[in-house]
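Here is a friendly walk through the charged side-chain contacts of one protein. Have a look at the structure first, and then we can go through the pairs one by one.

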Amino acid sequence: MPIALALSPHLDDAAFSCGGLLAGLARDGWRVVMATLFTGSVADPTGFALACQLDKGLAPEVDYMALRRDEDVRAAAALGIAPPVHLPFREAPHRGYGAPPELFSETRADDGIAGHLAPALAELIAAEQPDLILAPQAIGGHVDHVQAVRALRALCGLAVPSPILWWRDFPYTVREAAPKAPLAALFAGLPEPVMRLDPEAQARKRAACAAYASQIGFQFGGLAGLDARLAREEGLERFRLSGPLGVSVPGLDAG
C-alpha cells in the first residue's frame, strides 16, 4: 500500500489546499496521513493570541486548539483518510508575533521554530516511510508556513527519499491578484503538476473544509463564501514537484 504524508502548518491548510488529492489517493487504496505541525494548546492565552479566538466568537475559557484538533479529526473522516497526527508546536501568536501584519512579515530573529520542527519532521517521515510528501509553498507569506518550508527544506539537504508535491496555499492564493510568495525562488523552474478532481473528490474536499467550522467565517465569510471560492477553483489543485514522482497518482497531470 503506497503512503502519502501531508505536512500541514495549521489545522485546515492541507484540506483547503489539497484535500481533493488526499481524498482521491485514499479512495485509490493509499494510506493517507495528514499531520499538522502547529497544534499545541496554550493555557490562559493573552493579548493577540487570545484575540485570535475571541474574533471567532469563542469565549476566553475555550481551549481553542483542542476545538480545532477535533475539527481536524472530522475533516480527516470526511476525506476518508487515516486519523490525523497533531504535533505539539505552538502557532505564531504564541511565539511572540503580536499583531496580524506580523504574521505575514519577516520571521522574527528570535523565532527558531524551524530548528525544532526539522527533527520532528525527520522522525515522522522515518516512521511513516511515505512514497509521497505534500507540503506548502508558503504563498501568502504566513510565518508558520514559511517556517514549515524551511524545516522541510533543511531535511531535503539530508536527502529526503520521497518526492514532494508542494501545494499552493489556498485561500491565500485568491485573496490578492498577486499574493506574496516569499519563497518563490525555491520553487522556480520545478514542474507544475495539476490535479483534476472528479465530483466525488470535490465533494469530499468541500465536506472536509466545512468541518473547520471555527475558521469558515473568518476565512471565507461563511459556507456560501467557501462554496463560491471552491467553485472558482474549477476542481483543480496546483503544485510544484521536487524529486521524481515514482508512483502513479490518478488525475494528476505531471506538468
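## A buried pair: D12 and R68

D12 has a relative accessible area of 3%, so this residue is buried. Please keep in mind that the model is predicted. The partner of D12 is R68, and their side chains form a salt bridge with an N to O distance of 3.4 Å.

In the salt bridge between D144 and R95, the closest N and O atoms are 2.9 Å apart. This pair links distant parts of the chain, with D144 in helix α5 (residues 143-156) and R95 in the loop between β3 (85-86) and α4 (113-128), 49 residues apart.

How accessible is D144? Its relative accessibility is 0%, so D144 counts as buried. R95 is also buried, at a relative accessible area of 15%.

## Helix to helix: R206 and D227

R206 and D227 form a salt bridge whose closest N and O atoms lie 2.8 Å apart. R206 is in helix α8 (residues 199-211) and D227 is in helix α10 (residues 223-233), so two parts 21 residues apart in sequence are tied together. Here R206 counts as partly exposed, at 30% relative accessibility, and D227 is partly exposed too, at 33%.

## The wider picture

Salt bridges also join R27, D198, E200 and R204 into a network. In total, the count comes to 13 salt bridges.

Note on methods:
Residues are numbered from 1 along each chain as its sequence is written. This is a predicted model: local features need pLDDT of at least 70, side-chain atom pairs count only at pLDDT 80 or more; totals for chains, interfaces and linings use all residues. Side-chain values use heavy atoms; hydrogens and water are left out. A salt bridge is a side-chain nitrogen of Lys or Arg within 4 Å of a carboxyl oxygen of Asp or Glu. Buried means under 20% relative accessible area, exposed over 50%, partly exposed in between (1.4 Å probe, protein chains only). Helices (H or I, at least four residues) and strands (E, at least two) are DSSP runs, numbered from the N terminus.
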